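Please read them beside the sequence and the model.

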Amino acid sequence: MLETVETVTIFHLPGESLDAGNAKEFKRDILPALTGHSQVIFEMSGLKFVDSSGLGTILSALRQLNANGGDLKLAGMQKPVRALFELVRMHRIFDIYNTRDEALAAFQQ
Amino acid sequence: MKPSSMIASPIPESSPAEQRLLAEIERLLVPFARATGTGLAYCGSAAPVWLAGCDACPCSRRPGETPACLAGPSPSSRTERDCRALSCETGRLLVCAPASQPGLSDAMEQLLATIDRQSALEQQEEQLLDELSASWESLEAVYEISSDLGLLTTPEELLERIIYRAAAYRTGLKAVLWLERDGIGHPLTQGVTGLAPRPMKNGLIGQVMAERNGLILNGGDRIASHPHLEEELRGASNLAVAPLTTRQHIVGALVVWQEEANGEFDSHDMRFLSALALQAAMVIENDRLHRAELESERLRQEIEIGSKIQQILLHGQIPKAFPRIEVAALSIPSRMIDGDFYDFIKPHEECLDVICGDVMGKGIPAALVGAATKSAFLRALSQLLSTKGLWRLPEPHEIVSRAHDEVVNQLIALESFVTLCYARFDLTMHQVQIVDCGHTATVRYRPETGACDLLKGVNLPIGFYEDEVYEQRAYPLAPGDLYFFYSDGLTEASDEAGEAFGEARLMEIVRRNHDLGPEALIAEMHRELIEFAGREALGDDLTYVAVRVLPAAAPSTGLQILSDPRNLGRCRQFAREACQALAPAAGEEIVSELELAINEAVANVMEHAYQEREDQPIHLTAAIEKDRIAFRICHQGRSFDPATAPPPAFDGSKDGGFGLFIIAHLVDEITYDTDAQGRHTVTMIKTIPGGNHGSNA
């Protein structure tokens, strides 16, 4: 699911969980889809669960965007997902917003 | 080079048990190890030694050299896969598979198991012999004196007999029995001359009497330095004093000492002396009461003394530390002591022997016959153990026959007999072996049938017939099985109308209360009896013994999956449901944390232990232990050393490597174990605040 607001591309991450069982598949699909976009938001409110592999794929997306001068913001994390990001200190690496609109506003400033 | 020359020289100061173990290792293992290229090392009381070299693992050395890997901590924590220690009581055995093989062969595994079992058995046997000798020495004295009861009539003769027995306890002993009357001690002596009556108040013996506690003094200097030492004790190198106590009074003291400086006294000796002192006090007290013709007081005293005898001599201590057997016993002495007795022997922690007996006749003589019979059993077992050769426990029928041989003639002479039940609960054999000698029928409850039945043997009571051959019966034993032994005081108790309590009522009460546990069952049985009889005071002694094999624990919650990462969702669901079932106090945050921890750990197993193969077995279990929930993940993949994992990159430069860090922060404990079959288990434990949910669910 892809949504474009002006220059910003919003990916609504599919499924209820992003774990070692579907992380490879997700990575295979998302990385090519990012090409050509520089301002990207991952809208994550549908994800109830992310594990370290899932987090790894999101990291690889960030690195790919950064390498091409783009930026990634994360929005709408459920509480357990947010807890994982904080546990491994990834809240310092990612720009994390409570909602899609807050993330959009941050890009438009 | 002969194998024996390799073993003997490097272990100069090993114990007899260790030497026997080494001899067994040499006989069973070394030839096989050398033939198959398996490495074998023993680490015992002396320097570790290779018994057979191997070329498989880095710690390999030649025979006779100290293996490097034995110098470190337990080899089980090492990464060399096939090195493992086998726990023998006297030392550790390290075994390395040959290079050509992935692991130890089945034959080697079996040989190792044999060695391990044998060394454990031997250890148990030594302990058992120790315990037995302590018990039967005390009982021995009582036994001899009780046989004299029929022959000797005067208290003086009985006291002579006691002091003689005390002096004969060990060669070179001197013994004095001081009897106090009106503050003056009167000596009865054995091996001592020149003692005259004297005041007892001052001096060492007077001190023991005042304190009412036995005293042991070892060492001539220690004794000589005592400020108020009696003259005759000046030359003693070791001494022991036991006070003669009745319910209200101190009536004297039994003193033994020796002048040669060998053989110190210990608590076993004190136990023996106390048994003699109790006998002497009983004789004196009976005599005093008899003279005073205080009939009612005498009876009261007799009960008092009788129940003391029962406590000390007739009723054994319940052995502790059976992981899977529960035992309880209760004895309620009546006005008329009638010589019920019971005892327990613990051959090992999966095996319990119960002896319940009842002497025909009443009063103190019956109690003493009971004590003597019990003594004969303990001695029979002890003798059979020491003559049987290693590692075989004598069977109940052998023990009963041996004890019977010893006491049958005395019992016939005394015109008494003993009904008895000897039962062995052997969990390793899943069997109860019972020799019933005319005792009350044993009540058995089995969860399998949900009903009780009565087990009755065909043997005559002990003391009936000299040439009796004792038949043993075996019954299958399963978790939850309950056995109830009792004296005839229970079934023969009658209500006001004269109806007997009877076996049917007994069985029904056992059936109804089978899950209470032995102690509560006995309490309930006694309550029912009092209610039935309509009175507290029953004519007979009552003895109850209940033994239950613990019911099998309910299978802990478990999940079996294949190592396909798409199964991770099921693992999380399992973690969530297990939390809800086992630890309802766990809040959402904790449940989420455990979901993540289990997810990460299982994902690690799939990725690293099974190298991303998706068709391998993984088994998850959950159990609650008090306020801690434990998740176990079992697999048969590669073992995993967390120390070798690279630390996570917190700067976002790497996608992976967070798993262990995450787990470590979410659970309180994580451990990695490998069993003998090469199965690995990852255990994660987390405390649930406010959660205390009892046993495994």
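1. The largest nonpolar core has 69 residues, and A:Phe42, A:Met44 and A:Phe85 are those with the most contacts inside it. A nonpolar core here is a set of buried Ala, Val, Leu, Ile, Met, Phe, Trp, Tyr and Cys residues joined through side-chain atoms within 4.5 Å. Buried means under 20% relative accessible area, exposed means over 50%, and partly exposed lies in between (1.4 Å probe, protein chains only). Helix H15 of chain B (residues 588-609) gives the most to this core, with twelve residues. A second, separate core of 27 residues includes B:Leu188, B:Ala240, B:Phe272 and B:Ala277. In soluble globular proteins, nonpolar side chains tend to be buried together.

2. On provenance and conventions: this is a predicted model, in which local features need pLDDT of at least 70 and side-chain atom pairs count only at pLDDT 80 or more, while totals for chains, interfaces and linings use all residues. Residues are numbered from 1 along each chain as its sequence is written, chains are lettered from A and ligands numbered from 1 in the order in which they are written, and side-chain values use heavy atoms, with hydrogens and water left out.

3. Chain B has 16 helices and 25 strands; helices (H or I, at least four residues) and strands (E, at least two) are DSSP runs, numbered from the N terminus. Of the 697 residues in chain B, buried ones make up 51%. Among contacts in chain B with a separation of 6 or more, 65% are between residues 24 or more positions apart; contact means heavy atoms within 4.5 Å.

4. A:Met44 deserves a look in the viewer. Leaving out residues up to four places away in sequence, A:Met44 touches A:Leu13, A:Val50, A:Ile58, A:Leu74, A:Ala75, A:Gly76, A:Met77, A:Val81 and A:Phe85.

5. How much area do chain B and chain A bury between them? The figure is about 1700 Å², with 62% of it on carbon and sulfur atoms. Buried area is the accessible area (1.4 Å probe) that two parts lose on being put together, summed over both. B:Arg572, B:Phe650 and B:Asp655 supply 31% of the area that chain B buries against chain A, more than any other three residues. The contact takes 24 residues from chain B and 22 residues from chain A.

6. Four salt bridges are found across the interface of chain B and chain A, a salt bridge being a side-chain nitrogen of Lys or Arg within 4 Å of a carboxyl oxygen of Asp or Glu. Nine residue pairs are in polar contact between chain B and chain A (both at pLDDT 80 or more). A polar contact is a pair of N or O atoms within 3.5 Å; within protein, one must be able to donate a hydrogen and the other to accept it, and residues adjacent in sequence count only if both atoms are side-chain atoms. On the side of chain B that touches chain A, helix H14 (568-582), H15 and helix H16 (659-666) each supply at least two residues.

7. The side chains of A:Asp19 and B:Arg572 meet in a salt bridge of 2.7 Å, N to O. A:Asp19 counts as buried because its relative accessibility is 5%, and B:Arg572 counts as buried at 7%. The side chain of B:Arg572 also has a polar contact of 3.4 Å with that of A:Ser17. A:Ser17 lies in strand S3 of chain A (residues 17-18).

8. The structure holds 38 salt bridges over all chains. Within chain B, B:Arg424 pairs with B:Asp353, the closest N and O atoms being 2.8 Å apart, and both residues are buried. By contrast, B:Arg613 and B:Asp615 form a salt bridge at 3.6 Å, where B:Arg613 is partly exposed at 47% relative accessibility and B:Asp615 is partly exposed at 45%. A network of salt bridges links B:Glu508, B:Arg511, B:Arg512, B:Glu524, B:Arg527, B:Glu528 and B:Glu531.

9. B:Glu593 sits in helix H15 of chain B and counts as partly exposed at 22% relative accessibility. B:Glu593 touches B:Leu666 and B:Lys686, not counting residues up to four places away in sequence. B:Glu593 and B:Val667 are 74 residues apart in sequence, yet 8.2 Å apart in space, C-alpha to C-alpha.

10. The disulfide count over all chains is zero, with a disulfide taken as a pair of cysteine sulfur atoms within 2.5 Å. B:Cys579 is buried, at 1% relative accessible area, whereas B:Cys634 is partly exposed at 24%.
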